[in-house]
Amino acid sequence: MVLNVVEKFVSINGEGAHAGELSAFIRFKGCNLSCSYCDTKWANCKDTEAKHMSPQELSEWVMQQRVINVTLTGGEPLLQKGIEELIELLAGNGIRVEIETNGSIPLEKFAALKHRPVFTMDYKLPSSGMEKFMYTDNFSLLKKSDTVKMVAGSSTDLKRALYIIRKYSLSDRCHIYLSPVFGHIEPSDMVEFMIKHHLNKVRLQLQLHKFIWEPERRGV
C-alpha cells in the first residue's frame, strides 16, 4: 500500500486549535473539490509529481522529526487508500494526528478507528462554489477536540456561516473558526459581524504562515 505524497516538511500550524505549534506536515495529491480560492491547486493537478510512500515510511519520517503533532493535508487526504494505516501507526507512536479534510468525505470509518484522529473539517461557504458537496452528517461525529473551519470571502458567506453554526449548534459541539479569503474580505469586517451576532464561541483566525512568509510559498 502506497500513498501519493507531494510534499512533507516541518513548520508551525498556520491555523486551527493548535496554531503556532510545530507540526510535521504531509501533503497528499488530489482532491475531489475545486474551490475558487484554493491555495494548493498545484497539488491537485494530474501532472503534479508525487512520491509513492508506504504508511511505514511516512511514520518513520515523522518520528525522525521529533515533533508530537502531524498534519495530514492535501488536496484531500482522506481520498488516499491506506490513510487509516498511517493514522494508526502515527497515533500508536504517541503522535497527535490532525486531518485537514474538506467537508465532503464521510468521516464515520475514520472516527471509528482505534486511534481516532483530530478532525479540522471545512464547511465550504457559497463563494467557494463547492457548498453543494458538503456532507453535513459529519457534524454529529465531531467532538470538543475537533474544528469546523469556515473560509469567508463576502458578507453573503458570513451570513451563511451564521446560519450553519446555529442550525447545527456547532459552537456547543467543537471549535469554530472563521477565516478570511486572503485579500478578499477585511478581517475587521468579520470582527464587526461577530460582535453584531454575539458569536462568543467563534474565533477569527488569520493564516499565520501567510504573514510570516510569502503567501504563495510552499513547504511552510
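**Salt bridges in a predicted model**

Guide: Welcome! Let's begin with K201, which is exposed (over 50% relative accessible area, with a 1.4 Å probe and protein chains only), its own relative accessible area being 51%. This is a predicted model, where local features need pLDDT of at least 70, side-chain atom pairs count only at pLDDT 80 or more, and totals for chains, interfaces and linings use all residues. Residues are numbered from 1 along each chain as its sequence is written, and side-chain values use heavy atoms, leaving out hydrogens and water.

Visitor: Which residue forms a salt bridge with K201?

Guide: A salt bridge here is a side-chain nitrogen of Lys or Arg within 4 Å of a carboxyl oxygen of Asp or Glu. For K201, the closest N and O atoms of the pair are 3.1 Å apart, and the partner is D172.

Visitor: How many residues apart in sequence are the parts that K201 and D172 tie together?

Guide: Helices (H or I, at least four residues) and strands (E, at least two) are DSSP runs, numbered from the N terminus. K201 lies in the loop between α5 (187–196) and β9 (202–204), and D172 in the loop between α4 and β8 (175–180), so the parts they tie together are apart in sequence by 29 residues.

Visitor: Is E131 buried or exposed?

Guide: E131 forms a salt bridge with R160, the closest N and O atoms being 2.5 Å apart. Buried means under 20% relative accessible area. With a relative accessible area of 19%, E131 is buried.

Visitor: How many salt bridges are in the whole structure?

Guide: One of them pairs K124 with D122, at 2.6 Å between the closest N and O atoms. A search of the whole structure gives a total of 8.
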